[in-house]
Amino acid sequence: MTATKPMLLTVQGVTKAYPGVVANADVSFSVGVGEIHALLGENGAGKSTLVKMIYGLIKPDSGTMTLNGAPYAPTAPRAARGMGVGMVFQHFSLFEALNVAENVTLGMENPPPMRDLAGKIRQVSADYGLPLDPMRRVGDLSAGERQRVEIIRCLLQDPKLLIMDEPTSVLTPQEVEILFKTLRQLASEGTAILYISHKLEEIRTLCDAATILRRGRVVATCTPRDRTAREMAELMVGTVITPPERRARRQWPATAAALQVADLSVASPIQFGTSLKSISFSVAKGEILGVAGVAGNGQDELLLALSGELRSAPGMVQSFGVALGAQGPNPRRRVGFVSAPEDRLGHAAAPDMSLVENAFLTATIGERLTKSGFIDWPATRDFAERVIKSYDVRTPGPMVAARALSGGNLQKFVIGRELSQSPQVVLINQPTWGVDASAAAAIRQAILDRAAEGAAVVVISQDLDDLLEIADNFAVLNGGRLSVPRPVQGLTIDEIGLMMGGAHGMEVAHAHA
Amino acid sequence: MLTLEKRPTPSRLWGAATPVLAVLLTMGAGGILFALLGKDPFEAIRTIFWDPLFGEFAWYLRGQLLVKAGPLILIAIGLSLGFRAGIWNIGAEGQYIMGALFGASVGLAVFPTENRLIFPAMILAGAFGGWLWGMIPAILKAVFNTSEILVSLMLVYVAERILSKAALGFLRNPEGAGFPGSRNFAQYPAAANPELIAGTGMHWGVVAAFVAVIFAYVLLQRHILGFQIKLAGQAPRAARFHGINPAWMTVMCLGISGALAGLAGVFEVTGPAGQISIDFNVGYGFTAIIVAFLGRLNPVGILLAGLLMALTYIGGEMASTNLGLPSAAIQAFQGMLLFFLLAVDVLTNYRIRLFAKGVA
């Protein structure tokens, strides 16, 4: 590609197949020294498989790689690290009960004494504008700070190639800016960065080159700055995307709020979770409230408290004037609540049960699927088939176990199951997590349709696009507190970023860097 | 190189085939064990599996099959519901003893009154006794989150102490010339649980076991409670999302399994055993755990597994008397059955792949 820079990593004809799916087919690309190279593709396009092979976590079935001109075939991450390849995962592998320095030690072959290490961590964090106290306990850190631990862990090994898997999904807009400064500084010092994302604007501002994957194949290589986001999106998806259509809001007769939350405070049932602190808001019929925030600021707890898995004082959660705070999930479903937790496999769906059984899981009451305690399996099957059909769930049939579905398909099934029950109140955490762009558009449209039919909707998401496209009002969850909801119209990204807590005291970080 | 690869969905074929495979492997390994002990392995296997059904004494032993299988099936059905929900009642033996004690106490208290309600009252008391003994670990788990495994197991030994106290003390036959053991229910028609059809071994306890099989089958296939039991065991977080209260689930499952074990106890003491004695319990409560797993926690499977286990018991006794095999060898043989079942069970969820080494 670029003749000016020497090549650092070359991947030639790499193929990896799993039973029933080819994750990577004949993938070739190369990354130059000091280049920020984007690996772009939808969920399931094969990005993660590809970088796991580069990091030595899995072995390709065929194909070759070269690093610095020498053959490169790492058998384990340790070998990859030894040859100067570091990786920051999307999901952090940190022990919350240990402090930063102890966590960094765990990844090292020959850890230096703790005091030297703490000094080194301080130095690297100062050099790259990533402030971090080596003695703080990881359990107390924000998601952005945890990411810094992972990055510094890699930087201490002085990598030539740094792989970053969806690094901005847990960051506020301001934190993203700081991360980009760090990455540009690393690149200018000669470190190549392989940057995985599906966020096009980010890639356009940051990356020098991009390789676009679709269904395991390289479909295009381009210079992101020369392309529009829309062009790249269509290369990535392979079709033209239609944005959801927002209908004019109907005026509903004034009643008590469909969902009223008053001074909701409840301790988190999750270890290292975030307790909810005097949260108040109300959602009217037909209204969509978007709740943004960086992961781990009480999103899971808020959904549990609204769905009834986590109980509070009776008056803290009300619907049309009825106090529901002390009720469990089923009494709430009886008054028209539906909810979709973030974790699909294990929480929203039972992995080893069929889709029919999983349809029964929450639609028991809404679809009246029992007669004096006995399950009406034919009716349940009909309901499951209806969800599969109307939400385009790709599955061999309704009797397939939930775990056999891909993440995106299961997400469509879970959302479809809830939205198909003619709900009064819809509660969704991360509606488009892991689904492709066209499915995300379909899910957003379905949520808008339910609202148009009069449902009150609360959407919790870390994806700002989700919220800005569909929400009427917008609030941010930060440290278990909810900001006062504001109308979406007229909000700027900067204002949203500040509502999200800015950059957690990092504004000064680059001043002296 | 062999590698295990997770199947996208559990294999139905292997789900049905693994118990058969486990029995065959047990026969093979057991045969080697018997050969090492200097016995003819083929004769030993034939004595255990064939002779009780078709041998010289089959006319008697076939009846014994139902006598032994009845309590095993009844207890295993109760245990399987809890196991499916992830609630591990290991103390069915104790609940079995307490059921027998409660039931027998009611009968002995009214001796020698003749009334048609006495036997049903004893049955209810037996179920209550087992339920009560199951409630101890249930409530401790629900309130203090103690391990039901340890508590229920330890309560077996408590129940055994109470049993010997009863046999030597408060339930001892006043006309028994000081020998330990209660009055024999065979001589008390109002409280007896006799063979219903002579020579078959069929008594009310066996009937209750069959009813329990049907009941459990319908519960698991069609009833919301069965769905909730399966859900709680497979995906606890999804179960809470569905709206199940884990404490309630614990109380219910330990209650059902305790009550069924208690029933088995009272049917046994009024029928085949006849009286409360120091060595009244013979390990049905523990063997039922093997039966439950051998039957894949499936009611029909448990019915077949109970019969198979009863067969190895009877055949095992024959082998130890006729061939002089040590009883420890028979117990090892029965243990192998569970061992091999759990070992080949992996094939239901995984497939074995052969990989040539050295793929780049």
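Select Gln157(A) in this predicted model; leaving aside residues up to four places away in sequence, Gln157(A) touches Arg81(A) and Gly86(A). The residue sits in the loop that links helix H5 (143-155) with strand E7 (161-165) of chain A. Display Val85(A) as well: Gln157(A) and Val85(A) are 72 residues apart in sequence, yet the distance between their C-alpha atoms is 8.9 Å.

Next, select the open sheet of chain A, in which four strands follow the order E12-E11-E14-E15 with antiparallel pairing. Strand E12 (276-283) and strand E15 (322-323) of chain A are the edge strands; each has a single partner strand, so one side of each is left without a neighbour in the sheet. Zoom in on strand E14 (residues 317-319) of chain A, which is joined to E15(A) by two bridges and runs antiparallel to it.

Finally, show both chains and select their contact, to which chain A gives 29 residues and chain B gives 20 residues. On the chain B side, the elements that give two or more residues are helix H9 (224-234) and helix H10 (236-242) of chain B. Colouring that side by residue class separates eleven nonpolar, five polar and four charged residues.

Conventions
Residues are numbered from 1 along each chain as its sequence is written. Chains are lettered from A and ligands numbered from 1 in the order in which they are written. This is a predicted model: local features need pLDDT of at least 70, side-chain atom pairs count only at pLDDT 80 or more; totals for chains, interfaces and linings use all residues. Two residues are in contact if their C-beta atoms, placed from the backbone, lie within 7 Å. Ala, Val, Leu, Ile, Met, Phe, Trp, Tyr, Cys and Pro count as nonpolar, Asp, Glu, Lys and Arg as charged, and the others, Gly among them, as polar. Two strands pair if DSSP finds at least two bridges between them.
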